[in-house]
Amino acid sequence: MPTVEELYRNYGILADATEQVGQIRRQAIKELPQFATGENLPRVADILTQLLQTDDSAEFNLVNNALLSIFKMDAKGTLGGLFSQILQGEDIVRERAIKFLSTKLKTLPDEVLTKEVEELILTESKKVLEDVTGEEFVLFMKILSGLKSLQTVSGRQQLVELVAEQADLEQTFNPSDPDCVDRLLQCTRQAVPLFSKNVHSTRFVTYFCEQVLPNLSSLTTPVEGLDIQLEVLKLLAEMSSFCGDMEKLETNLRKLFDKLLEYMPLPPEEAENGENAGNEEPKLQFSYVECLLYSFHQLGRKLPDFLTAKLNAEKLKDFKIRLQYFARGLQVYIRQLRLALQGKTGEALKTEENKIKVVALKITNNINVLIKDLFHIPPSYKSTVTLSWKPVQKVEIGQKRANEDTTSGSPPKKSPAGPKRDARQIYNPPSGKYSSNLSNFNYERSLQGK
């Protein structure tokens, strides 16, 4: 039986041998690009892609540099090796190969990423997109949306069609299936930045009106703390601005109108003494109404006589009463919010409480503008507002986004499951009689993950 001294001595020899093997591997990785010539290049790219699975930071960095090196020799051949492993390799290799493409492609010069190379990336990506996870889909949309050849109107339209296929818009929507709901939201979030006056959102808006709105209250989500109904309504509002000609416009506008009525209550009945006959005032959900009213206003422009010609007189009268009741409440809240924010600038507006008040003021002002439009005779659809959660300032088209993981020399760590979402604020005004207790005005909010 070996002594303790012998065991330590043998362990030292083994450790030295292991270190030598590591040095040999790193040297071999450095020299691999020298063999990347002609028919050998795709094979070298394939080997290097497999080596991305290493957990050694120095080795991982060398593999990245070697891949970039042969990319500049032959981009098509290198892509062949990368996509071969993405389609057929081990999960860890697939994950890191996709991450490599999503972070490194944008660092390559134009003479490397030619139109032909970008076409190959699109072709191979379509094969991968036939079977991807939600996280992989987001990464591939990042890759494809960054290609110069897809910056055109036709290019953006191609991307929208890809997203629509992933969203499975031909299938009946199942609101009780969290995966079905999550897939639709993930895909729609990827599609929204692609829409414009020339790339229409009609297919998505139609699906939301026909399949999602009628099931709004039944939606389920695997994301804890997310107000799924508000999330859906926000996406619909953002898309409605870019909706083109819709086949069943009147039918879908009516579904949107009916959903809006659910969140715009009638005034409570008053008893003979003038007091509220009910136990409590209706709850006004301003965040929901902003989304629904904005969407109705956008689609209503396409059928401006909907309220006057498509609704019967009784229904129009009912709607006007609801609008008037909501408008009365708005005026009270707007005045109180302005008073609360009066004279506050700079750091004072950055407190959590005042941030909520600023958002609340944006929401109520938006609703106020849209309601005024609908009170015109005939109703008008001319006013424009910026949705409360959208930045007012415009970002320059050529502005560079912060590079993520492009300089890191360490293997990427596996991200936790589930989509990451920035916290958003929902504004729920206080309940109670509009004309009373203004000095006790409260601000309620709930945060949901993004």
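## A cluster of phenylalanine rings

Phe257, Phe296, Phe306 and Phe319 are joined into a cluster by ring pairs. Rings of Phe, Tyr and Trp (its six-membered ring) are taken as a pair if their centres lie within 6.5 Å, and the pair is called stacked when the planes are under 30 degrees apart, edge-to-face when they are over 60 and tilted for the rest. Searching the whole structure gives 10 aromatic pairs.

## Phe257 and Phe306

Helices here are DSSP runs (H or I, at least four residues), numbered from the N terminus. Phe257 is buried, at a relative accessible area of 0%, and Phe306 is likewise buried at 0%, where buried means under 20% relative accessible area with a 1.4 Å probe and protein chains only.

## Phe286 and Phe326

Phe286 and Phe326 form a tilted aromatic pair, with 5.1 Å centre to centre and 50° between the planes. Because Phe286 lies in helix α13 (residues 286-300) and Phe326 in helix α15 (residues 313-341), the pair ties together parts that are 40 residues apart in sequence. Phe286 counts as buried at 0% relative accessibility, and Phe326 also counts as buried at 0%.

## Basis of the values

The model is predicted, so local features need pLDDT of at least 70 and side-chain atom pairs count only at pLDDT 80 or more, whereas totals for chains, interfaces and linings use all residues. Residues are numbered from 1 along each chain as its sequence is written, and side-chain values use heavy atoms, with hydrogens and water left out.

Key:
Buried < 20%, exposed > 50% of the residue type's maximum accessible area, 1.4 Å probe, protein only. Helix = DSSP H or I, 4+ residues; strand = E, 2+ residues; numbered from the N terminus.
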